[in-house]
Amino acid sequence: MAKHQTFHLSRRTLLGAGLFAGTSLLIKACDATPTASNGGGAGGDDTSGGGGRSDLVVTTFAGSWEQLYRDVIVPAYQATAGGSANLVTMVSLEQVAQLTAAPQSPPFDIALIDEGPFNAASKDLFVPVPSELLSNYDQVAPELQSTDGWAPTTGIQVIGLAYNPNEVSTPPTSWEDLYDPQYRGRVSMQGMQTTQGTSVMVQLAKLRGGSESDIEPAFQALEQELRPNLAGLAANSGALATLFQQGEIALAPHDLNNVMALQARGVEIEWVAPQEGAIAMRPSQQIVANTTADLASAAAFIDASLSLEVQTAMAQAPYNFLPVNRNVELSGVLAEKFGSTLDDALSTLVFLDWSQINPQRAEWIERFDRAIQI
Amino acid sequence: MNISQLLKPQPGQLALPLAIFLQLFYVVPLVILIATSFQGDGGAVSFDNYSKFFGSSVNVKALTDTFLLGVQVTVACLIIGYPVAYFYVNAPAAWKGILTFLIMLPLLTSAVVRTFGWVVILGRQGLINTALLNLGIIETPIRLLFSHNGVLIALTQIWLPMMVLPIVASLSQIDSRLAAASKSLGGGAWRTFWQITFPLTLPGMISGALLVFALTVSSFVTPSIIGGGQLIYLPTLIYQQGIVLLNQPFAAAVSTLLLIMVIAVVVLLSALGKRSRRYIR
C-alpha cells in the first residue's frame with residue numbers, strides 16, 4: 001500500500017512537471033506566432049496583394065459614435081473603398097490598455113481614441129497616416145490636423161453645461177455657476193479619471209489663474225465652493241444621463257451630443273456653452289501598429305470619415321458632433337449654438353493642452369479621490 | 001507493473017483535460033499577476049507597490065470599506081435569504097414553480113440594468129424617499145444614492161439568489177422525519193428549528209456566504225454607479241490603476257490583496273464548515 005502511494009505521488013509530480021513544461025512551451029509558442037507569420041508571409045492569407053486585409057476591425061465609443069459608425073462611416077467606406085469593417089465599442093483608455101497588453105498582435109486595426117489618452121499612450125502602438133493617402137485631408141481645419149503626421153481629429157465633442165429647465169429658471173452662463181449656492185446638492189460631474197472630468201477641472205483652474213500645469217486653484221474651488229453643491233460624482237456619461245432623467249441633479253458639465261440625444265428621448269434637459277468657452281474634446285482615428293490590415297485600406301477608412309458627406313451627416317441630428325471638415329455648413333442646434341461655419345465655432349471653443357496635463361494626471365486623480373471621498 | 005495495469009482507467013484521469021485547461025488559463029495568469037505585483041520601477045523585484053498601497057489613506061480606506069461591504073452584504077443576504085429559502089422549501093408544490101421563477105428572476109437581468117433600476121429607486125425623488133416623505137416618517141429626503149448604504153442595499157438584492165439557492169439545497173436535504181421525531185419528543189416549533197433544522201443548514205449558509213462575499217467584494221459596476229466617484233472600493237481602484245493610469249504593477253498588487261482577502265474568508269468559512277459538520281454528526 002505504501003509503495004502504491006509513493007508511485008502515485010511520483011507520477012503526479014511527473015504529470016505536474018510535464019504540464020508546466022508544456023505550458024511554458026505553449027506560451028512561448030503563442031508569443032512567437034506573430035513574428036513567425038510576419039516572417040513567412042508567403043503562406044499567409046494575403047488577398048489584397050499589399051500583404052494585408054481590407055476587412056478592418058474598428059473601435060468606436062458606445063452611443064452616438066457607434067450609431068454614426070454603423071449608419072454612416074462604415075457604409076461610406078464600403079462604397080468608396082469596397083472593404084468591410086467590424087465595430088468594437090470601447091472607451092479610449094481600455095483601447096490603450098489592450099494595445100499595451102498585446103502590442104505584437106493588436107485586437108483591432110483602427111482606434112477611435114480621445115486626444116488625452118492618445119497623447120499619453122506610447123507612440124509605438126500606432127503608425128502615422130501618410131497624408132497622400134487622405135484625399136480629404138486638406139479640407140480639415142488646420143487646428144484639427146496633426147503636426148506630427150498622425151490622423152486628424154475625426155469630430156469634436158463639445159463639453160458645456162447641461163441643466164434641467166424645470167428647476168433652473170435662468171440658464172447658467174459661466175463655468176463658475178457650478179459653485180452657485182442656489183444649486184446646493186444638485187450638481188454632478190464626472191470624476192477625474194474620465195476625459196470629461198479632467199477637462200472640466202483644468203478649465204475651472206484656468207478661470208482662477210491656473211493652467212494645464214497648475215491645477216491648484218481648481219482643487220481649492222472644489223473643496224471650498226463646489227463640494228457643497230455636489231450631489232455625487234457620476235461614474236460615466238450614462239450615469240449622468242440617468243441622474244438628469246430622475247430629476248436628481250439640476251446642473252452638470254456634459255457634452256452637447258449626449259444632451260441632444262437625451263432631449264430627443266424626451267428628457268427635460270438643455271445645454272449652454274459657457275461664456276468662457278465650451279471645451280473641445282478631439283477624438284481621432286489612428287491606425288494601430290503591427291496589424292495585419294492593409295495600410296491603404298485603413299487610410300481609406302479614415303479618409304471616408306473625413307469626407308464632406310460623412311462630416312455633413314455627422315453635424316446633424318441625431319449625432320450632433322462638430323465636424324472637422326471646414327466645408328461643412330453648420331445647421332440645426334450646432335448653428336444655433338456656434339454660428340454657421342466651423343471657423344466661427346472653433347474661435348469660441350477652449351482647447352486644452354494634453355501634453356501638459358498627462359504627466360500630472362495620475363497624481364491629480366489620486367488627489368481628487370482623496371479630496372472627494374466621503 | 002504490466003501494460004494492462006497502466007492502461008486501466010485511473011481515478012482522476014478524466015479530470016486531466018480540466019487540469020490542463022485550468023493550468024493554462026487560471027494558474028499561469030494568476031502567477032503572472034502576482035509576479036507583476038512585485039515589479040518595481042525598472043522591473044526589479046520589490047515591495048514598492050505594497051508599501052505605496054498601505055502608505056495612502058485612500059487605499060487603506062478602500063480596502064477596509066470593501067471588506068466591510070462584503071461582510072455587510074453577506075449578513076444582509078443571510079438575514080433576508082434564509083426566511084425566503086425556508087418559505088420556499090415549505091411552500092405547497094403548486095407554488096414552487098412561481099417561487100423558483102421569482103427567486104431566479106434577478107439573475108435573468110443584467111446587473112447593469114438592475115443597477116440603473118436601483119438609481120431610480122434610491123434617488124432623492126425615488127421610490128423609497130417618496131414613500132417615506134408621504135408617510136411623514138422623514139421631512140427631507142435621505143441620502144441613499146452615492147452612499148455606502150445605497151451600495152449595500154443594491155448589492156444585497158443583486159446577490160440574494162446566490163444565498164437563497166444553496167440554503168434551499170441544504171434545507172430540502174433535511175429528512176422530514178427528524179422534525180417529526182423532535183416533535184414526538186416534545187420539542188416545540190422554535191426548538192426544533194434552532195436545534196435541528198438550523199444547524200443542518202449551516203453548510204448551505206456557509207457556501208452561500210462564500211459566494212455572496214466573493215461576488216460583492218469583486219463587484220465593479222454597481223458600486224461605481226450607485227456609489228459614484230466618492231466611494232472607492234478595490235475593484236474601482238484596480239480599474240483606475242490598470243486601465244486609466246496604466247500602472248499595471250500597482251493594479252496587480254491591489255488585485256493580489258483582493259485575492260488574499262477572499263482566500264482568507266474562504267479559509268475561515270471552510271474551517272467553520274468543518275466544525276459545523278462535526279457538530280451535525
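Predicted model: local features only at pLDDT ≥ 70, side-chain atom pairs only at ≥ 80, totals over all residues.
User: Why is Phe146(B) called buried, and where in chain B is it found?

Analyst: Phe146(B) has a relative accessibility of 2%, and buried means under 20%, so the value falls on the buried side of the cut-off. The residue is found in the loop between α7 (127–134) and α8 (148–172) of chain B. Phe146(B) also has a positive phi of about 60°, although it is not a glycine.

User: How do you know that the buried residues of α3(B) line one face of the helix?

Analyst: In this helix, which covers residues 48–55 of chain B, the buried residues are Asn49(B), Tyr50(B) and Phe53(B). Seen down the axis of α3(B), they fall within an arc of 95°, and therefore they line one face. As a general point, an α-helix has 3.6 residues a turn, so residues three or four places apart point the same way.

User: Why does Ser64(A) count as buried, and which residues is it in contact with, leaving aside neighbours within four places in sequence?

Analyst: With a relative accessible area of 8%, Ser64(A) is under the 20% limit and is therefore buried. Ser64(A) lies in helix α2 (residues 64–81) of chain A, and, once neighbours within four places in sequence are set aside, its contacts are Asn257(A), Tyr319(A) and Phe321(A), where contact means heavy atoms within 4.5 Å.

User: What makes the peptide bond from Ala317(A) to Pro318(A) cis?

Analyst: The omega of this bond is near 0°, and the bond is cis. Pro318(A) is found in the loop between α10 (308–314) and α11 (332–338) of chain A.

User: How many residues line the second largest pocket, and what is the make-up of its lining?

Analyst: The second largest pocket holds about 410 Å³ of space and is lined by 21 residues, of which Glu115(A), Phe118(A), Asn119(A), Gln145(A) and Ser146(A) lie nearest its centre. The lining divides into 7 nonpolar, 8 polar and 6 charged residues. The largest share of the lining, 3 residues, comes from α4(A), while α4 (115–120), β11 (284–288) and α13 (354–372) of chain A each supply at least two.

User: What do the totals for chain A show about its burial and its contacts?

Analyst: Chain A, with 13 helices and 11 strands, has 374 residues, of which 52% count as buried. Among its contacts between residues at least 6 apart in sequence, 72% join residues at least 24 apart. The chain exposes about 15600 Å², and carbon and sulfur atoms supply 51% of that area.

Note on methods:
Residues numbered from 1 in each chain as written. Chains lettered and ligands numbered in written order. Heavy atoms only, no water. 1 Å grid on protein atoms, 1.4 Å probe; cavity = no way out; pocket = protein on both sides within 12 Å on 5 of 7 lines; lining within 4 Å. Points joined across faces, edges and corners; volume = space filled by probe spheres on them. Helix = DSSP H or I, 4+ residues; strand = E, 2+ residues; numbered from the N terminus. Nonpolar A, V, L, I, M, F, W, Y, C, P; charged D, E, K, R; others polar. Buried < 20%, exposed > 50% of the residue type's maximum accessible area, 1.4 Å probe, protein only. Areas by Shrake-Rupley, 256 points an atom, 1.4 Å probe, with all protein chains shown as cover. Arc of directions from axis to C-beta.
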